[in-house]
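This briefing covers model confidence, domain layout and helix packing. The structure comes first, then the notes by topic.

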Amino acid sequence: MQFFLYPVLIVLLLSGSTVFPADNQAASGRVTPLLPVEEQWEPNAVPDRIVLSWSDDPSTTMSVTWRTDDSVRQAIGEIAPAEGGPKFVSKKKTIGASSQSLETNLGLSLRHTVTFQGLEPQTEYLYRVGDGTNWSEWADFRTASSDAAPFSFVYFGDAQNDVKSHWSRVVRRAFRDAPKASFFLHAGDLINRSESDAEWGEWFYAAGFIHRSTPCVATPGNHEFGRIGNTDQRRLSIHWQPQFAFPQNGPDGLRETVYWFDFQGTRIVSLNSNYRIEEQVEWLDAVLTDNPNQWTVMTFHHPMYSASADRDNPHLRELWQPIIDKHHVDLVLQGHDHTYARSQLMTAEINLVTGVSHQDPNTGTVYVVSVSGPKMYKLGRRPFMRRAAEDTQLYQIIKIDGLQLTYEARTAVGELYDGFVLRKDEGTRRTLIEQMPGTRESRRPAGK
Ligand SMILES: [Fe+2]
């Protein structure tokens, strides 16, 4: 410290003042006004809300979407094979992006999408996005193998509420636990109010740079659907399609919510459980009929087997489960119930009241409901549940390697809460080996 600052410090100490007068303001009841949400989340010419997703083959393509204000006159992506030093820049290629304006409750912005194509499988790339003047940083991603190969991914149930305040730590802990996960999968209700630009801002803030290097796979929940005016009709959030680039291979009118892609020997299928569920039956049957992959994982928001009796979805089960059973889907990842519930292997014949099944226990599908955000509901214990939880934020790490799938559910502080191994035997037979820890189930005290 410079000697001439000492007298100033002594005067401050003697006078009881601090260099942070806000402390005194708070003590006196005067508080700093809340920064208006428009200012907290406003765009500028520098790209933000950057997120990777796949609209095409993960072994040869990658899509990037981002936001700017409407001062931007062009949108481009640059890409080069990754190298240890900075000279990769000399090998960059420039690709034009498509842009659209989006008028949200906080004002006008532009949303841009670039799809890098013709990439080499199993290769690291560096990319940046911008307008030629204002750029993102160079961020990395890795293309998938074009053949079956081991990989892991992370699955999240509803983030939905207090996303900045309470979900951030969950997605960040998941990233620390599984930094090489090939993608993060969100089973709907990413935010609470479908058209709230500020809530989408919180969702992008929470995962920050993770979105820029770990592709996002998401299915919409009921909170990504909003009412049209005062009617009972609902529509998908106006944010969804401009800010993600999911495959366009679903039925007409359901694209980017109903889709499939193959990742290293696993078919990933997203259905839209919010509406038009009858129209998805035939599509699903066709997608699962023509499926050469060893593994099939599905995601949709409303659970086939609910975590409480009064939230049951029998119509969904009647329509979709025969197709899921017919094609021996391995794992169904869901949300909506704000609790945790994981089943055994099961097919439609199981009796939901008694848990009694007269069928082979080595066939069927594992169903999971999970929650990653802070909103919590009460669990209704049902016989199909092998492991369940209340009042616990979780993320799930799923690894697929050859004929074995390893599943771990971890709490927001990283503790193992549930686990199993699923092994493929001959034909459609499989064996589920429980690996849940010996800790007690996380449940509310009775009467609460
Ligand atoms: Fe929901």
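Two residues are taken to be in contact if their C-beta atoms, placed from the backbone, lie within 7 Å. With that cut-off, Val163, Lys164, Trp167, Ser168 and Val171 of helix H4 meet Glu199, Glu202, Trp203, Tyr205, Ala206 and Ala207 of helix H5. The model is predicted, and the protein has an average pLDDT of 92.

**Confidence**

- A pLDDT of at least 70 is reached by 91% of the residues.
- Residues 8-17 stay under 50 in pLDDT, and the model has two contacts for them beyond four places in sequence.
- Where pLDDT is low, the predicted coordinates should not be read in detail.

**Helices H4 and H5**

- H4 covers residues 163-177 and H5 covers residues 197-207.
- The angle at which H4 and H5 pack is about 30°, and their axes are 8 Å apart.
- Angles under 35 degrees count as roughly parallel, so H4 and H5 are roughly parallel to each other.
- H4 and H5 cross in a right-handed sense.
- The residues of the contact of H4 with H5 comprise seven nonpolar, one polar and three charged.

**Helices H8 and H9**

- H8 spans residues 279-289, and H9 spans residues 314-326.
- H8 packs against H9 at an angle of about 10°, with 10 Å between their axes.
- H8 and H9 are therefore also described as roughly parallel to each other.
- On the H8 side the contact has Val281, Leu284, Asp285 and Leu288, which meet Leu319, Trp320 and Ile323 of H9.
- Six nonpolar residues, no polar residues and one charged residue form the contact of H8 with H9.

**Domains and their contact**

- The domain assignment divides the protein into domain 1 (48-142) and domain 2 (151-434).
- A distance of 27 Å separates the C-alpha centres of domain 1 and domain 2.
- Domain 1 gives 22 residues to the contact, and domain 2 gives 21 residues.
- On the side of domain 1 that touches domain 2, the elements giving two or more residues are the strands S1 (48-53), S2 (62-68), S5 (98-104), S6 (107-116) and S8 (139-142).
- Strand S1 gives the most to that side of domain 1, with five residues.
- By class, the side of domain 1 that touches domain 2 holds nine nonpolar, nine polar and four charged residues.

How values were computed:
Residues are numbered from 1 along each chain as its sequence is written. This is a predicted model: local features need pLDDT of at least 70, side-chain atom pairs count only at pLDDT 80 or more; totals for chains, interfaces and linings use all residues. pLDDT is the predictor's confidence in each residue, from 0 to 100. Axes are lines fitted to C-alpha atoms, for helices over the stretch in contact, and angles run from 0 to 180 degrees between N-to-C directions. Helices (H or I, at least four residues) and strands (E, at least two) are DSSP runs, numbered from the N terminus. Angles under 35 degrees count as roughly parallel, over 145 as roughly antiparallel, 65 to 115 as roughly perpendicular and the rest as oblique. A crossing is left-handed if the near helix is turned anticlockwise from the far one by less than a right angle, and right-handed if clockwise. Ala, Val, Leu, Ile, Met, Phe, Trp, Tyr, Cys and Pro count as nonpolar, Asp, Glu, Lys and Arg as charged, and the others, Gly among them, as polar. Domain bounds come from an automatic or database domain assignment.
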